[in-house]
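Subject: Handover of a model

Hi,

Here is the structure I promised to pass on. My notes follow below it.

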Amino acid sequence: MSIVTLNVVRGDSETGRRTEDYEVPYREGMSLLDAIFWIREHKDTSFSVRYSCRSANACKECMAVVDGKAGYLCSIRAVPDSRVHIEPLTGLPWIKDLATSLE
Ligand code: FES
């Protein structure tokens, strides 16, 4: 079975910033947001990420920095047997993990 490794920024302003690796079973057509949902379901229910529409690329809430470039987690496809670094957007107040304030 193929996996996708997500290297993700975790933490908040009190605990500080750290990165953690998560190995997620790859599924055809899986987005990075789908991979994060898998982590929340199977590894850590406290993982914070902002989203609403989940796939329509309509709400614009799931934006993060993926391998150095800003993009929507619900529209970036996971690549089998790859490793991807994901961090919160810069320039916005950081709330927790990948969630930033929209204000
Ligand atoms: S979850 Fe709405 S644009 Fe990604």
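The largest nonpolar core has 19 residues, and Leu32, Ala35, Cys62 and Leu73 touch the most other members. By nonpolar core I mean a set of buried Ala, Val, Leu, Ile, Met, Phe, Trp, Tyr and Cys residues joined through C-beta atoms within 7 Å. Buried means that 20 or more other C-beta atoms lie within 10 Å of a residue's own; exposed means 12 or fewer, partly exposed is in between, and C-beta atoms are placed from the backbone. At least two residues of this core come from each of β1 (3–12), α1 (32–42) and β3 (63–66). The top contributor is α1, with four residues. Element names follow DSSP runs numbered from the N terminus: helices are H or I with at least four residues, strands are E with at least two.

Two notes on the basis. This is a predicted model: local features need pLDDT of at least 70, side-chain atom pairs count only at pLDDT 80 or more, and totals for chains, interfaces and linings use all residues. Residues are numbered from 1 along each chain as its sequence is written.

**Overall**

The chain holds one helix and seven strands. Their order from the N terminus is β-β-α-β-β-β-β-β. The radius of gyration is 13 Å, which agrees with the value near 13 Å for a compact globule of 103 residues. That radius is taken over C-alpha atoms, and the globule rule is 2.2 Å times the number of residues to the power 0.38. Along the principal axes, the C-alpha atoms fill a box of roughly 40 × 30 × 25 Å. Of the 103 residues, 22% are buried. Among contacts with a separation of 6 or more, 48% link residues 24 or more positions apart. A contact here is a pair of C-beta atoms, placed from the backbone, within 7 Å.

**The helix**

Leu32, Leu33, Ala35 and Ile36 are buried in α1. Seen down the helix axis, the buried residues of α1 fall within an arc of 155°, so they line one face. The arc is that of the directions from the helix axis to the C-beta atoms. The face turned away from the buried side carries exposed Glu41 and His42. On the buried side, α1 packs against β1, β2 (16–25), β3 and β5. Ala35 is in contact with Val4, Leu6, Val24, Met30 and Ala78, leaving aside neighbours within four places in sequence.

**The strands**

Strands count as paired if DSSP finds at least two bridges between them. β1 and β2 pair antiparallel over ten bridges. These two strands form a hairpin with three residues between them. Asn7 has Asp21 in β2 as its bridge partner. β1 also runs parallel to β5, joined by five bridges. There, Val8 stands opposite Ile86.

β3 has two antiparallel partners. Four bridges join β3 to β4 (residues 69–72), and two join β3 to β5 (residues 82–87). Ala64 stands opposite Gly71 in β4; Val65 stands opposite Glu87 in β5. The hairpin of β3 and β4 has two residues between the strands, and Asp67 in that hairpin takes a positive phi near 50°.

**Residues to look at**

- Lys60 is not a glycine, yet has a positive phi of about 65°. Lys60 lies in the loop between α1 and β3. Lys60 counts as partly exposed because 13 C-beta neighbours are inside 10 Å.
- Asp97 also has a positive phi, near 50°, and is not a glycine. Asp97 sits in the loop between β6 (94–96) and β7 (99–100). Asp97 counts as buried because 24 C-beta neighbours are inside 10 Å.
- His85 is in β5. His85 has 15 C-beta neighbours inside 10 Å and so counts as partly exposed. Beyond neighbours within four places in sequence, His85 is in contact with Asn7 and Asp67.

**Annotation**

An unreviewed UniProt entry lists residues 6–99 as "domain: Succinate dehydogenase/fumarate reductase N-terminal". UniProt positions are given in the numbering used here, feature names are shortened, and annotations may be inferred rather than shown by experiment. In the model, residues 6–99 are 12% helix and 37% strand, with end C-alpha atoms 16 Å apart.

Best wishes

Key
Two residues are in contact if their C-beta atoms, placed from the backbone, lie within 7 Å.
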